[in-house]
Amino acid sequence: MALSYNRTIGRSAGSTVLGVGCGTGNNWPLLLPKVGASGQVIGVDYSAGMLERARRRADKAGWSNISLIEDDAAKLAHLDGPVDAVVSAWCLGIVHDLPTALTRIVELVKPGGRIVILDFAQSRPDHRFFQWMFPLHRCALVAAGIDSPEDMDDARLKARWETGKAILSTLLPDLVEERFFHNAGMILHGTRPPRSDSSASKEPR
Ligand SMILES: C[S@@+](CC[C@H](N)C(=O)[O-])C[C@H]1O[C@@H](n2cnc3c(N)ncnc32)[C@H](O)[C@@H]1O
């Protein structure tokens with residue numbers, strides 16, 4: 001995870017990074033050294049409870065260059081934008097309107113800015129042991145209220161990201177997809193084209 005951030009966000013000292021679905025701010029210890037004291041992290045989440053825990057984390061650590069915004073990833077209406085980079089970890093796979101969220105995220109990034117998305121591409125890893133364990137794992141997560149049955153639907157998740165990647169590849173010509181954990185984990189990263197007309201990039205894959 002740390003390696004992914006370092007490699008995919010690029011040089012970002014002094015920059016403003018937007019974290020979409022920031023949760024309690026688990027990723028900030030990785031992001032803050034990248035933006036430095038002169039940079040800023042903006043955390044967005046639609047859960048007031050998550051943001052409250054994130055605020056407590058920032059206060060306890062003495063991080064003053066973090067702002068928190070309660071908003072839906074598919075709206076992101078309360079940002080003045082644009083930002084230098086967007087990072088979203090383990091959120092977009094469950095957002096109700098993935099196409100709108102992805103389009104909005106790219107709109108908010110400056111031309112030349114980076115977008116890094118970390119998520120599950122499939123809920124069932126391509127490994128015999130995990131294939132065997134999957135029904136148990138799914139039952140446990142659904143019973144505990146951590147994931148909904150829809151979120152654990154492998155075919156649905158794959159189809160969502162096929163659509164999501166097709167949208168992203170029209171907006172980010174250099175989009176790269178990397179997989180880890182037996183193909184279940186996915187990092188998507190790319191750069192908004194430096195010119196303002198990002199629509200003239202390339203056809204969807
Ligand atoms: C699994 S947590 C990941 C949190 C954090 N990014 C991390 O890596 O620890 C997913 C987060 O996405 C948020 N989330 C889910 N759907 C959202 C939406 N439509 N808009 C904003 N936040 C959303 C949840 O409230 C939750 O905090």
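Select strand S1, residues 16–20. Of its 5 residues, 4 are buried, so described because 20 or more other C-beta atoms lie within 10 Å of their own; a residue is exposed at 12 or fewer and partly exposed in between, with C-beta atoms placed from the backbone. Strands and helices here are DSSP runs numbered from the N terminus, with at least two residues (E) for a strand and at least four (H or I) for a helix.

The model is a predicted one, in which local features need pLDDT of at least 70 and side-chain atom pairs count only at pLDDT 80 or more, while totals for chains, interfaces and linings use all residues. Residue numbers start from 1 along each chain as its sequence is written.

Which residues stand opposite leucine 18? In S2 the residue is isoleucine 42, and in S4 it is valine 86.

**Helix H3**

Move to helix H3, residues 48–61. Its 14 residues should span 20 Å at 1.5 Å a residue, and the end C-alpha atoms are 20 Å apart, which agrees; the expected span is 1.5 Å times one less than the number of residues. Select Leu51, Ala54 and Ala58, the buried residues of H3. They lie on the same side of the helix, because they cover an arc of only 60° around the axis, the arc being that of the directions from the helix axis to the C-beta atoms. An α-helix has 3.6 residues a turn, so residues three or four places apart point the same way.

The buried residues of H3 pack against S2 and strand S3 (66–70). On the other side of H3, Gly49, Arg56, Asp59 and Lys60 are exposed. Just after H3, inspect glycine 62, which has a positive phi of about 75°.

**Glycine 93**

Centre the view on glycine 93, in the loop between strand S4 (83–89) and helix H4 (98–108). Is this residue buried or exposed? Glycine 93 is buried, because 21 other C-beta atoms lie within 10 Å. Beyond its neighbours within four places in sequence, glycine 93 is in contact with Asp119, Phe120, Leu157 and Arg160; contact means C-beta atoms, placed from the backbone, within 7 Å. Aspartate 151 is 58 residues away along the chain, yet its C-alpha atom is 7.9 Å from that of glycine 93.

**Helix H6**

Select helix H6, residues 154–171. From its first C-alpha to its last, H6 reaches 26 Å, close to the expected 26 Å. Its buried residues are Leu157, Arg160, Trp161, Gly164, Leu168 and Leu171. They are on the same side of H6, because their arc around the axis is only 90°. The elements covering them include H4, strand S5 (109–120) and strand S7 (185–191). Ala155, Ala159 and Glu162 are exposed on the other side of H6.

**The whole chain**

Finally, display the entire protein chain, with its 6 helices and 7 strands. Its C-alpha atoms fill a box of roughly 50 × 45 × 30 Å, taken along the principal axes. Of its 205 residues, 34% count as buried.

Note on methods
Two residues are in contact if their C-beta atoms, placed from the backbone, lie within 7 Å. Two strands pair if DSSP finds at least two bridges between them.
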